[in-house]
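Notebook open, model loaded. I want to go through this one spot by spot and jot down what I find.

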Amino acid sequence: MTFLEAHRQRGHRVRFDWGPTGAAAVAADVAVVVDVLSFTTTVTIAAERGIAVRPSPWRPAEDAGHRGRGLAPSAMAERAHVEELVVPSPNGSALAFGLAETGARVVAGCLRNRTAVAAWLDASATVAVVAAGERWPDGSLRPCAEDLWGAGAVLALLPEADLSPEARVAAAAFRAAPLPSGLHEVAGALELHAIGYGADVTLAAELDAASVVPELRGGVFRT
């Protein structure tokens, strides 16, 4: 795919965009994938427990109404004596694999580990913070507040002079967010509450609860 130079944000060390297409446009040395509800939150909780996560493709029949327990942060928090798990995801997983194929170092970021991720980033590397977003019923990208906040949470800790205008907007959105209570009120959270996964939203809203930075190496997220 060919992008206009204006869309690539290459005049800035730290960039922000949405989904696989946006990630390709703002390609950088390091990519931070943000899928707050719930893939990168699940990966982060797994890493807190010493569990490696192997992302896998999402089967079309697996929609939010038939959410696999393996993907739920609350289920991951209950796991014990497990070294590695396969976790399907329709957004964060595909995004992470696509970014890894570009040669970028890929890490999982969310509200729980935003300070750890920001501290981990190399100040000399170019960085793309990519919000995974959700999907509309027709399969198109649905930008969502939780991923905007999650991306902005990381970006708000980086030097403002390094941020593209798009990244500064995301950082400002995070600063304005009424967290953690506000996370329970966004569309994605209401959807999870309706199908019995409200505990996942509570875990996702725990700002700076984790000090781990899961990195995708050899097809597996691990610390």
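I started with Ser 124: buried or exposed? I get 61% relative accessibility, so Ser 124 counts as exposed, the cut-off being over 50%. I placed Ser 124 in the loop between H5 and E6. I then checked its distance to Arg 13: the two are 111 residues apart in sequence, yet the C-alpha atoms sit 8.4 Å apart in space.

**Confidence**

Before going on, a reminder to myself that this is a predicted model. I looked up the pLDDT: the protein chain averages 91, and 93% of the residues score at least 70. The stretch I marked is residues 63-67, where the pLDDT is below 50. I still count 12 contacts in the model for that stretch beyond near neighbours in sequence. Where pLDDT is low, the predicted coordinates should not be read in detail. I leave that part alone.

**Overall build**

I count 9 helices and 10 strands in the protein chain. For the radius of gyration I have 16 Å, close to the 17 Å that the globule rule gives for 223 residues, so the chain is as compact as a globular protein of that length. Along the principal axes, the C-alpha atoms fill a box of roughly 45 × 35 × 35 Å. Buried residues come to 55% of the 223. I also looked at contact range: taking contacts between residues at least 6 apart in sequence, 76% join residues at least 24 apart.

**Cores**

Which residues touch the most other members of the largest nonpolar core? I find Phe 16, Val 32, Leu 155 and Leu 183, in a core of 43 residues. Elements giving two or more residues to this core include strands E1 (14-18), E2 (30-34) and E6 (127-131). On the helix side I noted H5 (114-120), H6 (145-155), H7 (165-176), H8 (187-194) and H9 (198-204).

I took Leu 183 as a worked case. Setting aside neighbours within four places in sequence, Leu 183 contacts Val 36, Leu 111, Glu 146, Trp 149, Ala 189, Val 201, Ala 204 and Ala 205.

There is a second, separate core of 27 residues, and Phe 39, Leu 85, Val 87 and Leu 203 are among them. I followed up on Val 87, which sits in strand E4. At 1% relative accessibility, Val 87 counts as buried. From Val 87 to Glu 48 I get 16 Å, C-alpha to C-alpha, for 39 residues in sequence.

**Helix H6**

How many of the 11 residues of H6 are buried? I count 9, so to speak a mostly covered helix. The buried residues of H6 include Glu 146 and Asp 147, as well as Trp 149 and the run Gly 150, Ala 151, Gly 152, Ala 153, Val 154 and Leu 155.

**Asn 91**

Asn 91 is in the loop between strand E4 (84-88) and helix H4 (92-100). I have it as buried, with a relative accessible area of 5%. What does the side chain of Asn 91 join in a polar contact? I find the side chain of Arg 135, at 3.3 Å. Beyond four places in sequence, Asn 91 is in contact with Asp 35, Ala 132, Gly 133, Glu 134 and Arg 135.

I went through the peptide bonds and noted two cis ones. Leu 37 to Ser 38 is cis, with omega near 20 degrees. Ser 38 is in the loop between E2 and helix H2 (39-48). Leu 179 to Pro 180 is also cis, with omega near 5 degrees. Pro 180 belongs to the loop between H7 and H8.

Gln 9 has phi near 55 degrees and lies in the segment before E1. At 5% relative accessibility, Gln 9 counts as buried. Asp 208 has a positive phi of about 60 degrees, and I find Asp 208 in the loop between H9 and strand E9 (215-217). With a relative accessible area of 34%, Asp 208 is partly exposed.

Notes. Residues are numbered from 1 along each chain as its sequence is written. This is a predicted model: local features need pLDDT of at least 70, side-chain atom pairs count only at pLDDT 80 or more; totals for chains, interfaces and linings use all residues. Side-chain values use heavy atoms; hydrogens and water are left out. pLDDT is the predictor's confidence in each residue, from 0 to 100. Contact means heavy atoms within 4.5 Å. A nonpolar core is a set of buried Ala, Val, Leu, Ile, Met, Phe, Trp, Tyr and Cys residues joined through side-chain atoms within 4.5 Å. Buried means under 20% relative accessible area, exposed over 50%, partly exposed in between (1.4 Å probe, protein chains only). Helices (H or I, at least four residues) and strands (E, at least two) are DSSP runs, numbered from the N terminus. A polar contact is a pair of N or O atoms within 3.5 Å; within protein, one must be able to donate a hydrogen and the other to accept it, and residues adjacent in sequence count only if both atoms are side-chain atoms. The radius of gyration is taken over C-alpha atoms; the globule rule is 2.2 Å times the number of residues to the power 0.38.
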